[in-house]
Amino acid sequence: MFRTHYCGEISLKNLETEVTLAGWVHRRRDHGGLTFIDLRDREGIVQVVFNPQLSPGVHQQAHALRAEYVIQIKGKVARRPEETENKTIPTGEVEVLAQELRILNRSKTPPFLIEDDEDISEGLRLQYRYLDLRRSGVQRIFILRHRLSQSIRHFLNQNRFLELETPFLTKSTPEGARDFLVPSRLNPGHFYALPQSPQLFKQILMVSGFDRYYQVVRCFRDEDLRADRQPEFTQIDLEMSFIDIEDILSIMEKMTKAVFSEICNIQFPNPFPRMTYAEAVSRFGTDRPDTRFGLELKDLSGLAERCDFKVFRTVVSKGGSVKGLNAKGLAGLSRKEIETLTNEAIQRGAKGLAWMKVTADALEAPITKFFSVAQQDEIKTILKGEPGDLLLFVADKTQVVHDVLSTLRLSLGKRLNLIDEKIFEPLWVTDFPLLEYDEAEKRYIAIHHPFTGPMDEDLALLESDPMQVRAKAYDLVINGVELGGGSIRIHREEVQSKIFALLGIKKEEAAEKFGFLLEALQYGAPPHGGMAFGFDRMVALLSGADSIREVIPFPKTQKGICLMTDAPSDVDARQLKELRIKKERRV
RNA sequence: GGGGUCGUAGUUCAGUUGGUUAGAACGCCGGCCUGUCACGCCGGAGGUCGCGAGUUCGACUCUCGUCGGCCCCGCCA
């Protein structure tokens, strides 16, 4: 037997017993006489003592030990002498008196210390990810990740969901993102696509009658990376038959509550608050608001129309909006600091940022002269301005106003310390529009995806006023993070065809791309719907990581490179020949 | 495709208007040390300043290019 215990689990219960441990040398403290080794495995650290009087040969051997050597120790567990306990570690009351030492493997000096509080550049961490992953804080994240997926699986199993697999080598799903393509050797010139999500297959599983499906599944999208976006990521994907929105929200809410409570002892309100898309956008400027703090957006378009400030008036007359938010207590900002805010606004698409400072008896700013006293009072009332506040305004197309102010709201929320990091606030966002209009391509596109069902009461609008049609779609947002989203799908072929027509997808195109789904829908497809959670984002949220790279064992850099393996890499000419692929000459 | 930011011992960083031999801490190597736990003390090794070109008598420092990490826009749920 290689070992009898994990290092981190040795305790007073094991006193006087002989144990065998195996692990890595975390640290060596060689006093010439006594030598101490901190021995580490995934469960923690225990101190091993080499005493020349107890076992001279072993003590001599211990001299050769270095950081990250892999060793096996046989010894007796002893209570540490009075005054030498280490209260800062769980095993600090005991130590192991070494009787035998076997060096299982030596180690080169690692490029960085295997230590939690070591501040190492991310590039180096990813190049030596196996060493980075040895750090206990990093390991805790992945243990959390494991427990979370187990907890979710447990809940879904209890609720009679079936875990079923769908193919990775498949056909491109029409969800907008670029596909990763895989050439087919047996069918030269033809390509599989890696799935962006199992969307179509899970719907087909519903047609097959599996009724409740889930999968913890890798998804692939060949788009640019961000802190919260990787080319491959994990989704908790699920689908149910014979349900309506309320059913699915209710069971997903139960799951979220059960899992967050079990894994992190986070308790959620019952039921979760809800907000329509329209309300979220109007109050926060985004469909995934962080509701942990205020600084809500207020509409001043009505007033702007009447004032003498040309910038405001013109924007409104052209159909745009003027909205503002109250940066509480920031009237003291210098011109330069306001300029920084302005630049932030401009970067996000605004043409400028208007501001006013609230003083004891007036509003102060270069632009206040364009507003009558009554109008100034109105502004103060709408934005609840009190002396010491800074009022910020953006005038532009409504979408730009929302983009800019929601960004500003978040950065001000952080700056003003309005966000309590210990709080978790869930929110259902509902009543999404079904479609948006793509100005560049001059056509409608599906906001969620083209299989999302329209609200029954809006069906008539599909022909008269498509933009007003709401979808049976919903998102779960926690602390401004979009954790998951889903919809009730279209289960009748006539409706699906109508939607395709609206989206400008021709019959032949639809048949070629996902004819199999349209066909399946004609063979008794039950009403169904589902949801998908961004599992990596969920782990990041629960572990406080600010990037999902922290919660993925082997993530890729922003350029999509794996620094450890150097993928993607060149391939043999022979491989390409077999696939009948020719490379263009490098430019 | 675009904007921003960073790149100096193994690591994290400092480096004065462009000036002689590029520093610190930790780590590493050697020695001493029987109760340390970020052990201590003494000594030592370790650098193509990301790479390339340019300006200059002289470049870690200035300019241009390039490569790479990160953040963001576009893109993508």
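## A buried aspartate

Asp 290 is buried, with a relative accessible area of 5%; buried here means under 20% relative accessible area, exposed means over 50%, and partly exposed lies in between (1.4 Å probe, protein chains only). Asp 290 sits in the loop that runs between helix 7 (277–284) and strand 12 (298–299). Helices (H or I, at least four residues) and strands (E, at least two) are DSSP runs, numbered from the N terminus. The side chain of Asp 290 makes a polar contact of 2.7 Å with the side chain of Arg 292. A polar contact is a pair of N or O atoms within 3.5 Å; within protein, one must be able to donate a hydrogen and the other to accept it, and residues adjacent in sequence count only if both atoms are side-chain atoms.

When neighbours within four places in sequence are set aside, the residues in contact with Asp 290 are Arg 409, Leu 410, Ile 419, Asn 479 and Gly 480. Contact means heavy atoms within 4.5 Å.

## Basis of the model

This is a predicted model, in which local features need pLDDT of at least 70 and side-chain atom pairs count only at pLDDT 80 or more, whereas totals for chains, interfaces and linings use all residues. Residues are numbered from 1 along each chain as its sequence is written, chains are lettered from A and ligands numbered from 1 in the order in which they are written, and side-chain values use heavy atoms, with hydrogens and water left out.

## Overall architecture

The secondary structure of chain A comprises 17 helices and 22 strands. Its C-alpha trace spans about 95 × 70 × 55 Å along the principal axes. Of the 587 residues in chain A, 47% are buried. Among contacts between residues at least 6 apart in sequence, 67% join residues at least 24 apart.

The domain assignment of chain A gives domain 1 (7–105) and domain 2 (293–415), with bounds that come from an automatic or database domain assignment. The centres of the two domains, taken over C-alpha atoms, are separated by 64 Å.

## Helix 12

Helix 12 (residues 398–415) contains 18 residues and reaches 25 Å from its first C-alpha to its last, close to the 26 Å expected at 1.5 Å a residue. The expected span is 1.5 Å times one less than the number of residues. The buried residues of helix 12 include Val 400, Val 401, His 402, Leu 405 and Leu 412. Arg 409 is also buried in this helix, and Arg 409 is one of the residues in contact with Asp 290.

The buried residues of helix 12 pack against helix 7, strand 13 (321–327), helix 10 (335–347) and strand 16 (390–396).

Of the 43 residues around RNA strand B, Arg 27, Arg 29, Gln 53, Thr 84 and Glu 95 come nearest. Sugar and phosphate account for 52% of the RNA atoms that come within 4 Å of the protein. A residue is near the strand if one of its heavy atoms lies within 4 Å of it. By class, this surface has 10 nonpolar, 13 polar and 20 charged residues. Ala, Val, Leu, Ile, Met, Phe, Trp, Tyr, Cys and Pro count as nonpolar, Asp, Glu, Lys and Arg as charged, and the others, Gly among them, as polar. Strand 1 (18–30) and helix 2 (122–127) each supply at least two residues, and strand 1 gives the most, with 3 residues.

## Backbone exceptions

Most residues other than glycine have a negative phi, and most peptide bonds are trans. The peptide bond from Asn 270 to Pro 271 is cis, with omega near -5 degrees; Pro 271 lies in the loop between helix 6 (245–264) and strand 11 (274–276). A cis peptide bond also joins Ala 567 and Pro 568, with omega about 0 degrees.

Asn 417, which is not a glycine, has a positive phi of about 55 degrees. This residue follows helix 12 and is exposed, with a relative accessible area of 67%. Arg 580 likewise has a positive phi, near 60 degrees. Arg 580 is placed in the segment after helix 17 and is exposed, with a relative accessible area of 64%.
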